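We will go stop by stop.

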Amino acid sequence: MRRDIQHVDDDIIRKKRIIEQMLYSDPDIVEVINDPDIDPSCPEELLYKSIWPFIRIPGVQDKSKNYITFSISDMGLSPRNEVMKNQYVQFVIFVHKDLAKKPIFGMARHDCLGYLIRDIFNLSDMLGAQMNLISNAEGATDTDYITRTLKFELVDNNSTKPLRTNPYEYGARR
């Protein structure tokens, strides 16, 4: 591969890695997700099993599970300052109906996971700009999953690099 994939210059990928690490390293998130197939001493195993760095709708399955999925989207330049861009970070929590019937800490599991995510990320600047919760909605996918969707907005630098040229523009890497 021509590109240095280990050092990707992409703010969305960098921010997703931070979110992944924040989710699986939080002991309360690990406890409430309650994935019996994961060794609690290796919570990073939750990635691509119960924590997904993209919005994934669970399919038909034999086992009841809980999921946290998330995405980051650039929504365009800030209308007040074109050097800045608006980004949305969206978390969608899926809790299987069989697990939703078992309240945890006196609340529904999807509400508890929503609270924990809000507690970690709201008003945080861990992604380089302050995250502000702008939407918190309950829903359902079908007869099997209850959802909670949290959407955060942040205004971040559009580019922290000086003017540069695409190194692949003329077929030669500079």
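**Stop 1: two charges over two rings**

Select Lys151 and Tyr88. Lys151 lies over the face of Tyr88, at 4.6 Å from the ring centre. A charge sits over a ring if NZ of Lys or CZ of Arg is within 6 Å of the ring centre and within 35 degrees of the ring normal. Now select Arg56 and Tyr67. Here Arg56 lies over the ring face of Tyr67, with 5.2 Å to the ring centre.

Before moving on, note that this is a predicted model: local features need pLDDT of at least 70, side-chain atom pairs count only at pLDDT 80 or more, and totals for chains, interfaces and linings use all residues. Residues are numbered from 1 along each chain as its sequence is written, and side-chain values use heavy atoms, with hydrogens and water left out.

**Stop 2: the sheet**

Switch to cartoon view. Helices (H or I, at least four residues) and strands (E, at least two) are DSSP runs, numbered from the N terminus. Two strands pair if DSSP finds at least two bridges between them. In what order do the five strands of the open sheet lie? The order is β1-β2-β3-β5-β4, and the pairing is mixed. The edge strands are β1 (51–52) and β4 (132–140), each of which pairs on one side only.

Select β1 and β2 (residues 66–77). They pair in the parallel sense over two bridges. Find Ile51: it stands opposite Ile68 in β2.

β4 and β5 pair in the antiparallel sense over eight bridges. A hairpin of four residues joins β4 to β5. Select Glu138, which stands opposite Arg148 in β5.

**Stop 3: the helices across the sheet**

Select helix α1 (residues 11–24). It lies across β1, β2, β3 (84–96) and β5 (145–157), and runs at about 150° to β2. Contact means heavy atoms within 4.5 Å. Axes are lines fitted to C-alpha atoms, for helices over the stretch in contact, and angles run from 0 to 180 degrees between N-to-C directions.

Next, select helix α4 (residues 109–121). This helix lies across β2, β3, β4 and β5, at about 10° to β5.

Which residues of α4 are buried? Among them are His110, Cys112, Leu113, Leu116, Ile117, Ile120 and Phe121. Buried means under 20% relative accessible area, exposed over 50%, and partly exposed in between (1.4 Å probe, protein chains only).

Leu123 lies in the loop between α4 and β4. With a relative accessible area of 52%, Leu123 is exposed.

**Stop 4: the aromatic rings**

Show the side chains of Phe, Tyr and Trp. A pair of aromatic rings is described by the distance of the centres and the angle of the planes. Rings of Phe, Tyr and Trp (its six-membered ring) pair if their centres lie within 6.5 Å; planes under 30 degrees apart count as stacked, over 60 as edge-to-face and the rest as tilted. The structure holds eight aromatic pairs.

Select Tyr48 and Phe54. Their ring centres are 6.4 Å apart and their planes are at 45°, so the pair is tilted. Tyr48 is partly exposed, at 45% relative accessible area. Phe54 is partly exposed too, at 37%.

Move to Phe70 and Phe91. The centres are 5.8 Å apart with planes at 40°, so this pair is tilted. Phe70 lies in strand β2 and Phe91 in strand β3, so the pair ties together parts that are 21 residues apart in sequence. Are Phe70 and Phe91 buried or exposed? Both are buried.

**Stop 5: Ile146**

Finish in strand β5, where Ile146 has its place. Ile146 counts as partly exposed, at 22% relative accessibility. Select its contacts, including Ile93, Phe94, Val95, His110 and Gly139; residues up to four places away in sequence are not counted. Ile146 and His110 are 36 residues apart in sequence and 7.2 Å apart in space, C-alpha to C-alpha.
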